[in-house]
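The entries follow the order in which I looked things up.

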Amino acid sequence: MARSALLNVMVQAAIKAGKSLSRDFGEVQNLQVSVKGPSDFVSQADLRAEKIVREELIKARPTYGFLGEESQEVKGTDGAHRWIVDPLDGTTNFLHGIPQFAVSIALERNGEIVAGVIFNPAADELYTAEKGGGAFLNDRRIRVASRRVLSDCVIGCGVPHLGRGNHGKFLVELRHVMGEVAGMRRMGAAALDLAYVAAGRLDGFWEADLSPWDMAAGLILIREAGGFTSDMKGATDIFGSGNVVAGNELIHKALIEVVNRPIPTR
Ligand code: IPD
Ligand code: CA
Ligand code: CA
């Protein structure tokens, strides 16, 4: 499988940051038993990973802009290109010793995502996609699942928590979706949730209140794997709205209908 020079740069950055996260994850497991707990250490791990990604990307393409979760956005002198990076997606999993977290790197060109890399170091799973070139898990080409009806589907979602999101609205969405599907999952790392849709592991996914770095790489993976993505109204304003619905053509459409059903009166 041939990768472009740009995709190689992204892959190298993701793997290097992933190695740093793996080392730190080992330490987090030791810190679980300490009184203070590992949270300060995890913040440092997150910052270390972003520094590694940023340095690798800037070294290779010094003129591109950089939007990372952990630092101020840097506008590039090249106005057309911007990296969008989540150095550690699935922080709560990481903090709790759950091996479901990832580095996510996307490249935006003139407002369009043209390449994406998501690396889960604990599983040694590397997801890559470039516009027009298909989507891959390690060296294997991936496609979205082909199930046609929600009743056969396993659907992923995000769940709002203390201080985050609209709990009442989510409960209405969940009530409608769980009544239609074969299973629900809340895995805890949105970038990997989207990668799982691209790989056909999840048939569909929806979540509100996300940021561009949670979604950017996953969106191109799904599109290059033959899937569909939109905001919860079925429109294209995914970054602006902060919400996303994904699946194959039929499941994407069905999920949009179900998550938008009105609040039941009884
Ligand atoms: C979070 C994860 C989680 C999602 C949250 C995100 P973080 O990102 O993707 O699955 O439900 O909304 O903020 O904080 O772990 O990078
Ligand atoms: Ca994130
Ligand atoms: Ca993060």
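Entry 1. I looked up the handedness of the crossing of α4 and α8 in this predicted model. The crossing is right-handed. On the side of α4, I listed Glu-173, His-176 and Val-177 as making the contact, and on the side of α8, Leu-255, Val-258 and Val-259. By class, I noted four nonpolar residues, one polar and one charged in the contact of α4 with α8. Helix α4 covers residues 167–178 and helix α8 residues 249–259; I recorded an angle of about 130° and axes 8 Å apart.

Entry 2. I turned next to helix α1 (residues 5–31) and helix α2 (residues 39–60). They pack at about 165°, and their axes are 9 Å apart. With angles over 145 degrees counted as roughly antiparallel, α1 and α2 are therefore roughly antiparallel to each other. Their crossing is right-handed. I found that α1 contributes residues including Val-9, Met-10, Ala-13, Leu-21 and Leu-31 to the contact, while those of α2 include Phe-41, Val-42, Ile-52, Leu-57 and Ala-60. Among the other contact residues I noted Lys-16, Asp-24 and Glu-27 of α1, with Arg-48 and Glu-56 of α2. I recorded the classes for the contact of α1 with α2 as 15 nonpolar, one polar and five charged residues.

Entry 3. How do the axes of helix α5 and helix α6 cross? For α5 (residues 190–198) and α6 (residues 212–224), I found a crossing at roughly 5°, with the axes coming within 8 Å. The two helices, α5 and α6, are therefore roughly parallel to each other. From α5, the contact uses Ala-190, Ala-191, Leu-194, Ala-195, Val-197 and Ala-198; from α6, it uses Asp-214, Met-215, Gly-218, Leu-219, Leu-221 and Ile-222. I counted ten nonpolar residues, one polar and one charged in the contact of α5 with α6.

Entry 4. Which residues are the closest to ligand 1? I found 14 residues around ligand 1, with Asp-89, Gly-90, Thr-91, Ala-190 and Glu-207 as the closest. I then looked up distances to oxygen atoms of ligand 1. A polar side-chain atom of Asp-89 is 2.7 Å from one such oxygen atom. For Gly-90, a polar backbone atom lies 2.8 Å from an oxygen atom of ligand 1. For Asp-86, I recorded 3.2 Å between an N or O atom of the side chain and an oxygen atom of ligand 1.

How values were computed: Residues are numbered from 1 along each chain as its sequence is written. Chains are lettered from A and ligands numbered from 1 in the order in which they are written. This is a predicted model: local features need pLDDT of at least 70, side-chain atom pairs count only at pLDDT 80 or more; totals for chains, interfaces and linings use all residues. Side-chain values use heavy atoms; hydrogens and water are left out. Axes are lines fitted to C-alpha atoms, for helices over the stretch in contact, and angles run from 0 to 180 degrees between N-to-C directions. Helices (H or I, at least four residues) and strands (E, at least two) are DSSP runs, numbered from the N terminus. A crossing is left-handed if the near helix is turned anticlockwise from the far one by less than a right angle, and right-handed if clockwise. Contact means heavy atoms within 4.5 Å. Ala, Val, Leu, Ile, Met, Phe, Trp, Tyr, Cys and Pro count as nonpolar, Asp, Glu, Lys and Arg as charged, and the others, Gly among them, as polar. A residue is near a molecule or strand if one of its heavy atoms lies within 4 Å of it. A polar contact is a pair of N or O atoms within 3.5 Å; within protein, one must be able to donate a hydrogen and the other to accept it, and residues adjacent in sequence count only if both atoms are side-chain atoms. Angles under 35 degrees count as roughly parallel, over 145 as roughly antiparallel, 65 to 115 as roughly perpendicular and the rest as oblique.
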